[in-house]
Amino acid sequence: MNVNGMPKRPSSSVPKWHSSSVTTKIVHNLNPICQATQQLTLKGKFVITHDKSKSIPGKLVSVQIYSGTDVDPETGKGKLSEKAYFKQGESMKHSHDAQTMAYKIKIHVDSHFGTPRAFVIQNQHKKKFFLQSASIENSNNRIIHFDCNSWIYPIKKTKSDRLFFSNRCYLPSQTPRALVELRKEELDRLRGNGMGERKEWDRIYDYDCYNDLGDPDKGPEHFRPVLGGSRLFPYPRRGRTGRKHSTAGPSTESRPQPMNFDIYVPSDERFGPNKLKELKSNCVHAMVHFLSPKAELLPRRSSASFQSFEEILDMFSSNRNQTIEGWMRDNLKKLIPVEHLKEIDHAIKENHWQLPIPQIISENDLAWKDDMEFGRQMLAGTHPTRIQCLTTFPPQNKFGIQSSIKQSIIEQKLEGWTLHQAMEQGRIFMLDHHDYLIPYLNRINANGVCAYASRTLLFLRSDGMLKPLTIELSLPGSAPHLEINRVLLPAKQGPQAALWQLAKAHVSANDTVYHQLISHWLYTHAVVEPFIIATKRRLSVMHPIHRLLNPHFKDTMHINALARLILINSGGILERILSPGEICMQISCDLYKEWRFNEQGLPADLLKRGMAVKDPDMTNPTGIQLLLLDYPYATNGLEIWVAIKEWVKDFCSFFYKDNEAIEGDVELQAWWSEIRTQGHGDRHKETWWYQMTTLSDLVEALTTLIWIASAKHASLNYGQHAYNGYPPNRPTRCRKFIPLEGTVEFGEFLKDPDKFFLKMLPDRFEMSLAVALVDVLSRHTCDEVYLGCQHSPGWIDNEVIQNRFAEFKQELKEIQARIMQRNRDPKLKNRRGPANIEYTLLYPDTSSSSASTSGITGRGIPNSISI
């Protein structure tokens, strides 16, 4: 063991660097005047991917290598080699659109050149290419690895060469003198000057508010407030694009063409060569399948609603119509350009896409109606992060106004317990969608939507499952802080059972809104982006914390930029399908006011929701005890949390020997300051931010960040097709209130409860669009990198860290085995439930290759928020 408690790697396991493709040899100069001079010939390999139709001539790409040990006295930087040009390109693999090539270089340097630690590359071709990696061998026959994963744009556009550092990490104070100036210059270059419109080839990171969601030039109905930078609308910052402001709204940035997927993100954050094409293809195929109905349904095209549950099931049939109906086309024109409609028309004719049936109906198409399944999904569905233990009865809002739920109606259903006893034992739970919705309901319901605020109470049975007790639905009253409440109870048959199903649908619609806007978009996608920007602006790629975090930032800025284009913008998909409509993002702003970074880690979150209590046992690495032993999200998640935290702690302890080293790290302190004061500037005065003066602060912050980007996002995203893919189970909005006895609507309901239920659901277009969306979001892409995996085995030039990372991966594999063992335990009923859906959303899947696990799998934890 070394001083940090890390096991030393046996000498026999030191990698044997192969020199068949990359060699160093000494050349003797025969000139008598230079008889004593010796030169080294460095040979290296560069792996690039480019468009198959546009080959890159090697002679147009040059490389120069910087020494990391020998300083040029004239520049103060490492010695710079002569130029060498790509030669002997060999094809490694190719897909339908892209080809991967390996090129060689040969560079002569003097014998005192030292160890290569950086290189610059220049692209004189007119097209960009993607540089995956490079490797150069030094005079000791050791290969120096460079993980690049970046687009290289033509020099005519960038006006400067592209610099890459090796995979060796240095704290700022430990940077070799030859690299100090290069390190500083590169960070300065990435920060830019905050001026001008960004171009595709720029690598400049800066902050901006969400001032590009509205489109007032299209009309006043597309005006949206600027999010961020004000007390009324606080929000995390996004990456700055610098586009011109719109004409009609000077505070709003002009919008690029939607669905072209053409929006600025720094070039290092852009999708790899195959990802964008795969995402476009998934979008087109989803629209083709779900927005073109079966031929026999065409006569019903004037109907806004699905007419039967069988008709909804037909959405998943392979027998689809070969055209898009006129009314559907009119709706699509509001979302996407005409040229993309032509692409969809073409894809329809070629469509042979295999679509899995959502798991919620794959074995039993009625399981979604089961009350136990309704409760189970709060613990093991696609949104298991909202339920809380009820500690005060009756529930009340922040103004002290109490719920209308009566103790007497609850105690009848507690299986012999009194309410006091059940609450004392932590057996009463609540799904709360009340306080944040009530202020907005009048605006929401003025637009043809019928939404309530809701509270759902549940009882923990002796078998570990949650039994729904009651649902309270609320509307604003005639005066402030007054409400109109309605309490509904479970029933097994007759009209009361049908009314109960309507009430559950309203609750599910509220939960879907919170899931998509808050838990998923705001609390993962949006809050992580400022951390990415700050990391790229303040932490050199040589900084160990940059190296640790970078895999967890892959593709996030690009997917967030696309979300601003087509999902969260005015008239975008979320406004079209979710009940709040045009005020979706304002609700998101309100709930950002409640966000605290120190509560985003799993143990802290479970404590906040009362789902766990602190454990006095100091040997418990989680520090908490769960109230529910059969809470699949929490049980699996805590194991993954501990594994991440132990890995992060060991990593940080290797580079920081004491707290003084953390306080003295100028890059780290600038990074943390910028996150608080700029990235999350609207919350910078909060006292809950970590001080970042101790190893404990650093480990907790990094563990939380990695947890959010990997496991938390995976648990909220990749199960959407399984549960949300069948809209009756999780509708996105409701179009009817629950009818009152004595009204015409109640008579309509009694006549045909199923038909009333279907009319209450979103209309045909909205429902089809929602299913198409979750189909795309639930798919893993072919270039996914999973937790416990890295792009390359040489991702960091440190054997101790590589060995510790291998242990982390092994621990995740052992967690996988324990998850599957728990899933097979018949006593743990929430592991499958009435719908028999195995809980695998937090199954790491570290042993699978990305290519074999692409598509809808319902398992796997990607390193980053990549979709």
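The model is predicted, with local features requiring pLDDT of at least 70 and side-chain atom pairs counted only at pLDDT 80 or more, whereas totals for chains, interfaces and linings use all residues. Residues are numbered from 1 along each chain as its sequence is written, and side-chain values use heavy atoms, with hydrogens and water left out.

**Salt bridges**

- Across the whole structure the search finds 54 salt bridges, each defined as a side-chain nitrogen of Lys or Arg within 4 Å of a carboxyl oxygen of Asp or Glu.
- Lys 275 and Asp 555 form one of these, at 2.9 Å from N to O; Lys 275 lies in helix α3 and Asp 555 in the loop between α13 (544-549) and α14, 280 residues apart.
- Both Lys 275 and Asp 555 are buried, where buried means under 20% relative accessible area, exposed over 50%, and partly exposed in between (1.4 Å probe, protein chains only).
- In the salt bridge between Arg 818 and Glu 639 the closest N and O atoms are 2.6 Å apart; because Arg 818 lies in helix α26 (residues 799-823) and Glu 639 in helix α18 (residues 632-655), the pair ties together parts that are 179 residues apart in sequence.
- Arg 818 counts as partly exposed at 29% relative accessibility, while Glu 639 is buried, with a relative accessible area of 18%.
- Asp 650 and Arg 804 also form a salt bridge, their closest N and O atoms being 2.5 Å apart; Asp 650 lies in helix α18 and Arg 804 in helix α26, so this pair ties together parts that are 154 residues apart in sequence.

**Aromatic contacts**

- There are 38 aromatic pairs, counted where ring centres of Phe, Tyr and Trp (its six-membered ring) lie within 6.5 Å, with planes under 30 degrees apart taken as stacked, over 60 as edge-to-face and the rest as tilted.
- Trp 688 and Trp 689 form a tilted pair, with 4.7 Å centre to centre and 35° between the planes, and both residues are buried.
- Trp 688 and Trp 689 also belong to one aromatic cluster whose members include Tyr 210, Trp 521, Tyr 592 and Trp 671.
- Arg 683 lies over the face of Tyr 592, at 5.7 Å from the ring centre, and the charged end of Lys 275 sits over the ring of Phe 271, 4.6 Å from its centre; the criterion is NZ of Lys or CZ of Arg within 6 Å of the ring centre and within 35 degrees of the ring normal.

**Cavities**

- The structure holds eleven cavities of 30 Å³ or more, a cavity being a set of points on a 1 Å grid over the protein atoms alone where a 1.4 Å probe fits but cannot get out, with lining residues having an atom within 4 Å of a point.
- The largest cavity has a volume of about 380 Å³, the volume being the space filled by probe spheres set on grid points that are joined across faces, edges and corners.
- Its lining comprises 23 residues, with Ile 566, Leu 567, Leu 773, Val 776 and Leu 777 nearest the centre of the largest cavity, and helix α25 gives the most, with five residues.
- Helices here are DSSP runs (H or I, at least four residues), numbered from the N terminus.
- By class, the lining of the largest cavity has 20 nonpolar, three polar and no charged residues, where Ala, Val, Leu, Ile, Met, Phe, Trp, Tyr, Cys and Pro count as nonpolar, Asp, Glu, Lys and Arg as charged, and the others, Gly among them, as polar.
- The second largest cavity, of about 200 Å³, has a lining of seven nonpolar, seven polar and four charged residues.

Terms used. On a 1 Å grid over the protein atoms alone, a cavity is a set of points where a 1.4 Å probe fits but cannot get out, and a pocket is an open set with protein on both sides within 12 Å along at least five of seven lines; lining residues have an atom within 4 Å of a point. Helices (H or I, at least four residues) and strands (E, at least two) are DSSP runs, numbered from the N terminus.
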